[in-house]
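Dear colleague,

Please find below the structure that I am handing over to you, with its sequence. My notes on what was found in it follow directly after.

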Amino acid sequence: MYNSTNSAMRKVTVPELLARKRSLGAPPIAMVTAYDFTMARLIDEGGADMILVGDSLGMVVQGLSNTIPVTLDEICYHGRAVARGTARAHVTGDMPFMTYQVSPTQAVESAGKLFKDGAFESVKLEGGEAFAEHVLRITRAGIPVVGHVGLLPQSVHALGGFKVQGRGDDAAARLIADAKAIEDAGAFCIVLEAIPPDVAAQITAAVSVPTIGIGAGNACDGQVLVCTDLLGLSRGHTPKFAKRFAELGDSAVAAVADYVQQVRSGAFPDAAHSYKPNHSEETPDSAALRH
Ligand code: KIV
């Protein structure tokens, strides 16, 4: 049974996340991606239960058109920064393309590197039945695994683009079988990406671990969004499911334009943002704020 008396700042654990299956009366899990210390701190403060250092960092941070070139070292680098900014949320890290597909042994080695060098508390990998053995071997090594079925961005070329998956009875049945295989192999939750809501509901009912939806409707046991979509920082096209809860990108552009104008006019820096000639006039607090 779900226990809602958890302390606000204690780390969210894997057993607690498992207990967040909605059928057990728990509130849905809120997961958000983050790639750096500052964003992780804000997302943690906002109360997210899980932070994902997704390989979406290739597109969000590096400006690539897909996630395929992202490396294990890059996920580790961003993972360490995110871990430093996170007091409560469980932090999971994506296994990039070709760091686990070759063999279950390669998968265990890569997951181990994410655990040791990336400071992650679990790892996420894309794929269904074909990767059950990989999930099993990683979990046997003591590393919790988040599964990911539906739209698999690392297979974007095989899929012919970022397209909705699981439409039609056969495709839906395959997704259900994939999710069950990953659960049986030991995954403690499963991301469902770009799936019709009724299919996501069937998968959610078929597995006993939480499902975390992204473009998969509201029957899932949790939701995940990319932080730059959620905050309205991304420019250009955003997917249909990516609700923007703020428009911080517009605020940032306006703030920078204001700064540029004030620099050009000489209005900034003014006296309030300049040191006084006599150092002793500064309060200890303001002096401590700047080296
Ligand atoms: O890489 C990522 O950010 C992801 C989420 C979209 C689930 O896999």
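Which pocket is the space taken by the ligand? The ligand takes the space of the largest pocket. Please keep in mind throughout that the model is a predicted one.

**The ligand and its surroundings**

The residues that surround the ligand are T33, L52, G54, D55, S56, D94, K124, H148, V191 and I214.

In S56, a polar side-chain atom lies 2.5 Å from an oxygen atom of the ligand. For K124, the distance from a polar side-chain atom to an oxygen atom of the ligand is 3.0 Å. In the case of D94, an N or O atom of the side chain is 3.1 Å from a ligand oxygen atom. How much of the ligand does the protein bury? Taken alone, the ligand exposes 260 Å², and the protein buries 95% of that area.

**Aromatic pairs**

Two aromatic pairs were found in a search of the whole structure. One of them is formed by Y100 and F131: the ring centres are 5.6 Å apart and the planes stand at 70°, so this pair is edge-to-face. Y100 belongs to the loop between β3 (90–94) and α5 (104–117), while F131 belongs to the loop between β4 (122–124) and α6 (132–140); the pair therefore ties together parts that are 31 residues apart in sequence.

**Backbone features**

Most residues other than glycine have a negative phi, and most peptide bonds are trans. Two places in this model are to be read against that background. M98, which is not a glycine, has a positive phi of about 70°, and this residue lies in the loop between β3 and α5. F268 and P269 are joined by a cis peptide bond, with omega about 0°. P269 is found in the loop between α11 (248–265) and α12 (284–289).

With kind regards

Key:
Residues numbered from 1 in each chain as written. Predicted model: local features only at pLDDT ≥ 70, side-chain atom pairs only at ≥ 80, totals over all residues. Heavy atoms only, no water. Near = heavy atom within 4 Å. Polar contact = N/O pair within 3.5 Å; in protein donor to acceptor, adjacent residues only side chain to side chain. Areas by Shrake-Rupley, 256 points an atom, 1.4 Å probe, with all protein chains shown as cover. 1 Å grid on protein atoms, 1.4 Å probe; cavity = no way out; pocket = protein on both sides within 12 Å on 5 of 7 lines; lining within 4 Å. Sits in = over half its atoms within 2 Å of the grid points. Phe/Tyr/Trp six-rings, centres within 6.5 Å; stacked < 30°, edge-to-face > 60°. Helix = DSSP H or I, 4+ residues; strand = E, 2+ residues; numbered from the N terminus.
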